[in-house]
Every structure is written in structure tokens, then in C-alpha cells.
Amino acid sequence: GSRTNWLILVDTSRCVTSIYYGSQGNWDLNRRYVCSTGRAGTPTVIGEYEVFGKGYSFGHGYTCYYYTQFYGDYLFHSGTYYPGSMTKVMDDRMGVNISAGCVRLPLERAKWIYDNIPRHTTVYIFGTV
């Protein structure tokens, strides 16, 4: 369940983020995105969490955009870009376990989550690296 009409599931084994809309017992898949999750040394946390923060950008020596926070420093966000640039990609590989633990998405998909998923939405993460 979720305290909002949205529910997000992340499969770290398959590097897939699935977003559902509906209510308890009646969830419809709204969109499914290939993502990148944490590498073996810095895995994405497994368990049930809740969206509680958002922001435009962060980074030192790189910039990531449109973050949606679900646990401590664990976020949904864009791939990495050269500092201050939204056009010079540093690393936007998807479908592989390469992050420091966050869930990376293509820029426009990270922005969609940032724009549309409200605070208190349940995020359930499962799988292995």
C-alpha cells in the first residue's frame, strides 16, 4: 500500500523502476523505466521506504538533477553530468548496477518523478546486485 495514489517498485536485479497508480489492492502500472542501481560495494537499500524530500540538483565534481529522496541519502535522480551542465553527459548508462546506491534514471524520467510523485508515496525496493 501507499499513503498516496502512487506506488513505486524498484527491482535492483533487473534495474527496473515500475510506477503504479491506484489504491490498496487495485494498482495499475502507469510507467516502467530501465534504471541503474547501486554497485556491489555501494548497493541500493532493500526494503520499504517513503518519499520525503525533493530538490533540483546536487553534486561535487558532477551534477545530478531532479532528485526525489526516499531514505537518507538514497534518491531517484538523473545520470551524472559535468558540473553545472544539463547537456554534457558524464555517465547516463542505464540497466546496470553502477551507482553509489541511488536509483539513476534518464533526465526526463527523473524529472517526471520529481514533478508527479508526491511526498509520502511508498517506495519498495527488492532484488540483489
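Where does serine 36 lie? Serine 36 sits in the loop between β3 (26-34) and β4 (37-38). Helices (H or I, at least four residues) and strands (E, at least two) are DSSP runs numbered from the N terminus. The model is predicted: local features need pLDDT of at least 70, side-chain atom pairs count only at pLDDT 80 or more, and totals for chains, interfaces and linings use all residues. Residues are numbered from 1 along each chain as its sequence is written, and side-chain values use heavy atoms, with hydrogens and water left out.

Neighbours within four places in sequence aside, serine 36 is in contact (heavy atoms within 4.5 Å) with residues including Arg93, Met94, Cys102 and Val103.

An open sheet is formed by 4 strands, in the order β6-β7-β8-β12, with mixed pairing. Strands pair if DSSP finds at least two bridges between them. β6 (53-58) and β12 (103-105) stand at the edges with a single partner strand each, so one side of each is left without a neighbour in the sheet. On average, neighbouring strands of this sheet are turned by 25° against each other, direction ignored. Axes are lines fitted to C-alpha atoms, for helices over the stretch in contact, and angles run from 0 to 180 degrees between N-to-C directions.

Strand β8 (residues 74-78) pairs with β12 in the parallel sense over 3 bridges. Serine 78 stands opposite leucine 105 in β12. Helix α1 (residues 107-116) lies across β6, β7 (64-71), β8 and β12. The helix runs at about 50° to β7.
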